[in-house]
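Colleague: I am new to this structure and would be grateful for a guided discussion. May we begin once the model is displayed?

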4 protein chains.
Amino acid sequence: MSGVGIWFVGARGSVATTTTVGLLAIRSRLAGHTGMVSELPEVAAAGLPALDGVVIGGHEVAEGTLGKRAEELSAGGVFPPALATVLAGDLAAADERIRPGVVAGQGTQRSAADRVEAELRAFRDEHGLDRVVVVDVSSTEPPAGDVAALATLAQLEAALDAGEAPLPGSSLYAYAAFRAGCSYVAFTPSPGPRVPALAELALERGVPWAGSDAKTGETLVKTVLGPMFAMRALKVRSWSSVNLLGGGDGQTLADPDNAASKIATKANGLESILGHPVDGPLHIDYVPDLGDWKTAWDLVSFEGFLGTRMSMQFTWSGCDSSLAAPLVLDLVRLVARAHELGEAGPMPQLGFFFKDPVGSDVHALSTQWDALVAWCDRAGRGAE
Amino acid sequence: MSGVGIWFVGARGSVATTTTVGLLAIRSRLAGHTGMVSELPEVAAAGLPALDGVVIGGHEVAEGTLGKRAEELSAGGVFPPALATVLAGDLAAADERIRPGVVAGQGTQRSAADRVEAELRAFRDEHGLDRVVVVDVSSTEPPAGDVAALATLAQLEAALDAGEAPLPGSSLYAYAAFRAGCSYVAFTPSPGPRVPALAELALERGVPWAGSDAKTGETLVKTVLGPMFAMRALKVRSWSSVNLLGGGDGQTLADPDNAASKIATKANGLESILGHPVDGPLHIDYVPDLGDWKTAWDLVSFEGFLGTRMSMQFTWSGCDSSLAAPLVLDLVRLVARAHELGEAGPMPQLGFFFKDPVGSDVHALSTQWDALVAWCDRAGRGAE
Amino acid sequence: MSGVGIWFVGARGSVATTTTVGLLAIRSRLAGHTGMVSELPEVAAAGLPALDGVVIGGHEVAEGTLGKRAEELSAGGVFPPALATVLAGDLAAADERIRPGVVAGQGTQRSAADRVEAELRAFRDEHGLDRVVVVDVSSTEPPAGDVAALATLAQLEAALDAGEAPLPGSSLYAYAAFRAGCSYVAFTPSPGPRVPALAELALERGVPWAGSDAKTGETLVKTVLGPMFAMRALKVRSWSSVNLLGGGDGQTLADPDNAASKIATKANGLESILGHPVDGPLHIDYVPDLGDWKTAWDLVSFEGFLGTRMSMQFTWSGCDSSLAAPLVLDLVRLVARAHELGEAGPMPQLGFFFKDPVGSDVHALSTQWDALVAWCDRAGRGAE
Amino acid sequence: MSGVGIWFVGARGSVATTTTVGLLAIRSRLAGHTGMVSELPEVAAAGLPALDGVVIGGHEVAEGTLGKRAEELSAGGVFPPALATVLAGDLAAADERIRPGVVAGQGTQRSAADRVEAELRAFRDEHGLDRVVVVDVSSTEPPAGDVAALATLAQLEAALDAGEAPLPGSSLYAYAAFRAGCSYVAFTPSPGPRVPALAELALERGVPWAGSDAKTGETLVKTVLGPMFAMRALKVRSWSSVNLLGGGDGQTLADPDNAASKIATKANGLESILGHPVDGPLHIDYVPDLGDWKTAWDLVSFEGFLGTRMSMQFTWSGCDSSLAAPLVLDLVRLVARAHELGEAGPMPQLGFFFKDPVGSDVHALSTQWDALVAWCDRAGRGAE
């Protein structure tokens with residue numbers, strides 16, 4: 001298999017820029033595969049597309065260039081400044097493949113979707129790509145309400161034909177992607193493909209999709225510590241979480257409406273893992289000073305034998321873009337492989353990567369890992 | 001199945017006392033099963049012996065009474081003071097079943113072993129027990145050297161017959177246990193049954209045994225966090241660990257010779273989980289002020305995509321005796337069940353409970369859990 | 001000097017109960033003076049009233065008894081359960097001196113204030129006390145608005161005469177206290193005496209008062225770490241604070257209106273110490289599971305030479321009532337001593353004890369200590 | 001006042017290199033004064049020498065160049081890589097002023113001291129400097145034993161004349177410095193001028209000196225938290241400290257003999273501040289992975305009112321060279337100013353900067369600050 005395209009929604013954001021720099025760096029042998037799950041033997045066994053043939057394009061509403069963003073990120077310690085310098089030419093070339101993003105309210109959603117669909121088809125054709133994976137790494141949107149026009153594909157098409165605008169921004173991209181025969185990765189908690197009408201469309205068009213909300217840091221830790229308490233029959237009494245982050249994501253999440261998506265998916269998993277609700281606040285705070293770095297602190301209060309009260313706390317100091325970028329490459333390869341194998345619809349076996357895994361209520365990381373490896377094993381044999 | 005006996009080596013130590021208080025409290029409906037893995041449905045499925053029929057006895061070299069020790073432990077917050085008061089009568093009765101422990105150098109090892117064996121047989125007969133599990137919770141001993149007399153059972157018997165004393169203290173108990181047809185749990189890192197001659201003896205006498213060194217706190221956490229880094233292809237660069245503890249265990253471990261056993265088994269797992277050696281100190285410090293509580297701090301420095309350096313730290317504040325006691329009850333039930341099913345020799349499927357699992361190099365907690373559950377499932381069907 | 005009375009507003013709350021138990025325990029030689037600043041030689045030098053002559057009374061709106069509260073607090077680890085048992089008789093006697101608190105809306109504020117004043121006078125007379133210090137340890141109230149009737153004493157009296165209710169609850173007690181010739185300690189962030197009309201009244205009646213909002217934990221630490229950064233010319237870029245607490249105080253502060261007072265006084269000091277505003281959230285969360293204990297976590301991000309970014313974090317695990325109670329005794333002794341010396345009005349030299357020191361913008365703990373010691377030295381000489 | 005020279009012992013080490021880069025950066029207006037205590041108004045009031053006239057030279061035993069070291073340090077995050085690039089020419093010029101350090105055993109100590117003295121005089125003359133401050137930032141040496149030849153200056157001179165080698169390496173430099181009329185800063189815990197014979201020599205030659213062992217991180221924090229507990233009458237029961245560091249300092253301290261100096265001076269202060277010995281380990285571990293950064297973790301267990309046990313922990317993540325370099329500039333300016341004012345001998349008023357302040361047993365940072373500011377105030381008036 002060769003020729004996979006990545007089409008970013010939010011192509012000059014922190015995650016997309018870091019992914020682009022990383023892909024170029026790996027191809028130029030300037031960097032290794034640390035952080036890439038798809039390079040572990042159990043996952044590589046699926047017969048994944050090579051990184052060498054990957055082409056990156058995307059939509060972006062913000063000004064600026066990939067090169068400029070790369071400089072900013074490297075100044076913030078996301079990757080070595082030398083990379084931004086050495087790869088400047090390649091980044092400029094990638095920048096040429098970025099198209100203006102959809103701006104809400106400019107024209108109808110029907111016409112915007114048509115435009116996006118056409119651009120996706122053009123990207124695939126121009127670069128002779130076997131398939132394209134659309135990856136949403138744009139700013140988090142509020143949860144989608146319960147809108148009638150999103151309930152079935154027929155209702156959605158009728159609303160769009162009538163000039164209505166029922167789709168959240170991220171869902172408009174998913175709609176266009178599916179119509180263009182592209183698979184999709186909902187990397188953020190935004191609604192994207194997770195509305196009934198689009199689930200229907202993906203099946204109709206025979207494209208797989210994965211989501212939502214990549215688990216990169218504090219939530220990742222929760223999904224191994226939570227099962228530990230459960231397996232040892234220790235009773236978690238409260239679990240308090242604080243996430244301090246600067247950068248674009250932090251700024252977006254400073255708006256409580258947008259944060260609602262994030263907080264909902266973060267809180268999700270713990271209750272499911274422990275089997276009971278757990279007390280304790282969950283804060284996400286914007287601290288501009290922290291830049292692209294996140295510090296999370298969690299305090300777990302638990303009860304052991306004979307009611308003895310104990311506690312555990314941890315501090316996670318991570319760079320979100322750096323943790324996210326390799327997962328983007330992993331997901332693109334896995335979803336493209338599923339597409340190649342003819343799979344369609346949501347991919348619960350990729351729950352390993354997500355805070356809010358579509359089609360699954362499993363949150364324990366090791367159980368998710370087992371499901372991922374089992375699928376990769378089947379995929380590897382299916383390719384022979 | 002009914003009538004299981006627990007015979008403690010170190011019967012008035014913190015762990016044995018807490019286990020005894022806990023068993024009595026559960027039987028009197030004064031406490032629940034928090035912390036007991038054997039009460040989780042996946043493990044209970046093995047068809048484990050009921051707690052109601054369990055009788056506790058043991059050896060002890062130290063002065064004092066169970067009741068006095070229970071008061072001290074409850075004053076230190078290990079369990080509610082009310083329990084020690086209410087259970088005073090039962091504890092006094094249990095104290096009656098404690099025999100003087102073996103003191104090195106008083107008589108030959110042959111005669112000491114004969115005495116212990118006779119006491120174990122007497123305990124089983126007197127209380128009409130189906131089987132007895134010997135559990136070593138006494139102070140940690142140094143690692144056993146490479147002694148010729150421990151290489152085969154024949155050599156060991158010859159040495160004992162010759163009036164020699166080749167056995168570490170814990171191994172002498174294991175020798176006597178196996179000869180008495182008792183199974184054995186090596187709850188500490190002391191050598192116990194882990195010398196070739198005794199492995200031979202256990203098979204000859206058809207008794208199962210489990211070990212070594214229960215993982216109760218900081219190491220437990222390592223065996224879920226380590227796999228998390230591995231599954232995410234993040235490169236752990238250093239992992240520094242500090243354990244501060246008061247209490248008897250801390251005091252014993254203040255002697256570097258004794259600590260050697262502990263440190264070796266603690267360091268063990270991480271390298272195996274990550275697949276490469278990891279830099280960083282591992283300290284165990286005696287801080288009398290901390291009493292029966294332990295505070296451990298770990299700093300993990302790791303590298304992600306494009307070489308970005310990140311870190312995680314955690315602090316574990318736990319009560320070791322409280323964490324250990326329910327595992328003693330779990331192990332006794334599981335080993336007794338294996339004995340009932342006719343299994344003999346080391347039980348690698350109980351690696352879930354140990355820092356240095358016999359017969360296994362698996363340290364990842366969730367993989368150990370899967371192995372435990374699989375065995376319990378088989379055991380449950382085997383009983384039908 | 002002898003015969004000082006403490007009159008608690010909130011006499012069966014956690015702080016008042018712990019103070020009462022502590023005073024009785026010290027007098028019965030069941031406890032020492034740990035945590036009492038007034039027993040340090042530099043402070044004792046002021047010639048403070050002896051604890052032996054102190055009598056405790058107070059107002060309380062809640063049901064229950066001191067004995068019952070003491071049992072609950074000791075079960076939560078605030079002090080040894082044995083104290084509650086041994087002191088049961090003394091606590092019952094103290095309970096007899098507690099009067100029903102003022103309930104908003106029942107009668108006019110004028111009549112309520114008259115009743116409180118009369119009760120204070122009766123308490124002083126009945127026990128032959130030289131002076132009485134009223135200490136507000138009741139639940140935190142919202143900040144007082146900018147109310148015309150509180151601007152001058154004349155306006156206040158007129159409003160009360162007119163049957164109006166301009167006084168916040170805590171201020172009503174301060175009004176009655178001053179009229180009864182009692183000094184006052186604003187131990188919480190509630191408005192209490194900190195309205196212009198009451199400041200006027202205190203001077204008129206010749207009584208001293210101190211406040212507000214005792215600094216017992218996380219803020220205390222801030223007022224030594226903040227100056228450290230300042231003295232070393234290190235630039236604090238952000239300071240994020242999370243306070244998790246159960247207990248009554250936590251519950252009250254779960255109401256954002258009430259928390260407003262607390263958060264304002266907590267945030268206060270840091271900016272003053274560092275000389276510039278500092279970014280970062282300040283959370284106070286109610287986590288019932290934590291009971292009377294508080295865990296606070298702070299992350300300080302700072303910049304050093306050549307712009308290098310560094311960080312420091314700390315976790316404070318304290319028992320608020322236990323930290324507060326000895327300060328109550330300290331403040332009572334110091335305010336009573338000032339009263340004896342004829343001082344009147346706000347006491348800025350007691351800023352050492354408070355998050356929001358009246359009449360002072362000094363927050364650095366060591367500078368406050370110097371001011372306290374200087375006053376004590378003068379007071380000691382003044383007494384000769 | 002103008003023309004001050006800094007002569008480093010260890011001129012291409014991390015601290016000396018960072019100081020040199022910093023001085024050049026400040027003079028080129030590429031960096032500000034963050035971290036420089038001598039720029040705070042209270043300290044600047046002393047009338048300190050301007051940075052513009054400072055010339056740097058030194059001794060060094062290691063190979064390499066300042067430029068190369070600056071690149072390495074900037075790659076490790078100690079300062080921005082751009083600084084090393086922009087200042088390459090200035091660093092090369094500074095490198096020309098570095099002379100080969102004294103190697104133990106090559107020639108007599110007498111001849112080595114003569115050579116160093118001559119080089120110091122040549123440096124001062126060549127650059128027309130008013131005075132030169134020798135600053136020892138070389139690797140930590142073991143404590144000096146109780147050697148007869150170091151007891152008096154006469155004995156020392158006799159021993160040197162006799163071809164003996166009684167001086168620790170750092171003390172040889174101090175000897176030469178004093179003979180050359182240079183003042184001296186003992187920035188490390190090495191013995192340096194802290195032997196009786198050299199104290200005598202400094203007075204004889206009329207030169208001031210300061211030391212020992214700059215407090216830059218974890219110990220700095222201890223000297224504000226310790227007094228906090230003391231001022232609040234809270235009883236510290238144990239204080240456990242772990243310091244993890246890579247870099248050259250870490251490597252040197254991995255040798256227990258060298259660490260002895262460091263651990264002694266670190267442990268020093270706390271006992272003096274609290275007034276009683278405090279239990280708990282103090283570890284310094286070499287973790288190469290951490291490079292020039294240090295992570296320290298401290299756990300403080302303390303007791304409050306009625307014996308209630310509480311705890312505090314902190315983690316300090318700092319860059320040692322970055323914290324040390326501005327203090328070098330501060331000390332040079334302060335010692336040069338004292339020299340200008342005719343002061344001679346040890347300077348206890350600079351205890352603010354040191355873990356083991358010469359001539360003082362004050363360790364509380366705020367008390368040290370007060371002493372520093374008082375001296376600066378006098379120095380400022382003395383200059384008029």
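Predicted model: local features only at pLDDT ≥ 70, side-chain atom pairs only at ≥ 80, totals over all residues.

Colleague: Which strand of chain A is joined to strand 10 of chain A, and by how many bridges?

Modeller: Strand 9 of chain A forms a hairpin with strand 10 of chain A, leaving 5 residues between them, and L306(A) in the turn has a positive phi of about 60 degrees. The partner is strand 9 (residues 293-303) of chain A, which runs antiparallel to strand 10 of chain A, and the number of bridges is 11.

Colleague: Why is strand 10 of chain A described as largely enclosed?

Modeller: A residue counts as buried if 20 or more other C-beta atoms lie within 10 Å of its own. Strand 10 (residues 309-319) of chain A is largely enclosed by the rest of the structure because, of its 11 residues, the number buried is 9.

Colleague: Which element of chain B gives the most to the side that touches chain A?

Modeller: In this interface, 47 residues of chain B are in contact with 48 residues of chain A. Elements giving two or more residues to the chain B side include helix 1 (14-27), helix 10 (218-231) and helix 14 (365-382) of chain B. With 10 residues, the element that gives the most is strand 10 of chain B.

Colleague: Which element supplies the largest share of the side of chain D that touches chain C?

Modeller: Here 48 residues of chain D are in contact with 47 residues of chain C. Among the elements that each supply at least two residues of the chain D side are helix 10 (218-231) and helix 13 (320-340) of chain D. The largest share, 10 residues, comes from strand 10 of chain D.

Colleague: Turning to helix 6 of chain A, what span should its residues have?

Modeller: Helix 6 (residues 109-126) of chain A has 18 residues, counted at 1.5 Å a residue.

Colleague: Within what arc do the buried residues of helix 6 of chain A fall?

Modeller: The buried residues of helix 6 of chain A include A112(A), V116(A), L120(A) and F123(A). Seen down the helix axis, the buried residues of helix 6 of chain A line one face, because they fall within an arc of 105 degrees.

Colleague: Which residues are exposed on the other side of helix 6 of chain A?

Modeller: The buried residues of helix 6 of chain A are covered by elements including strand 1 (4-9), strand 4 (131-136) and helix 8 (169-179) of chain A. On the other side of helix 6 of chain A, the exposed residues are A118(A), D125(A) and E126(A).

Colleague: Which are the edge strands of the open sheet in chain D?

Modeller: In chain D, 7 strands form an open sheet with parallel pairing, in the order 3-2-1-4-5-6-11. Each edge strand pairs on one side only, and these are strand 3 (98-100) and strand 11 (345-346) of chain D.

How values were computed. Residues numbered from 1 in each chain as written. Chains lettered and ligands numbered in written order. Helix = DSSP H or I, 4+ residues; strand = E, 2+ residues; numbered from the N terminus. Expected span 1.5 Å × (residues − 1). Buried ≥ 20, exposed ≤ 12 C-beta atoms within 10 Å, placed from the backbone. Arc of directions from axis to C-beta. Contact = placed C-beta atoms within 7 Å. Pairing = 2+ DSSP bridges.
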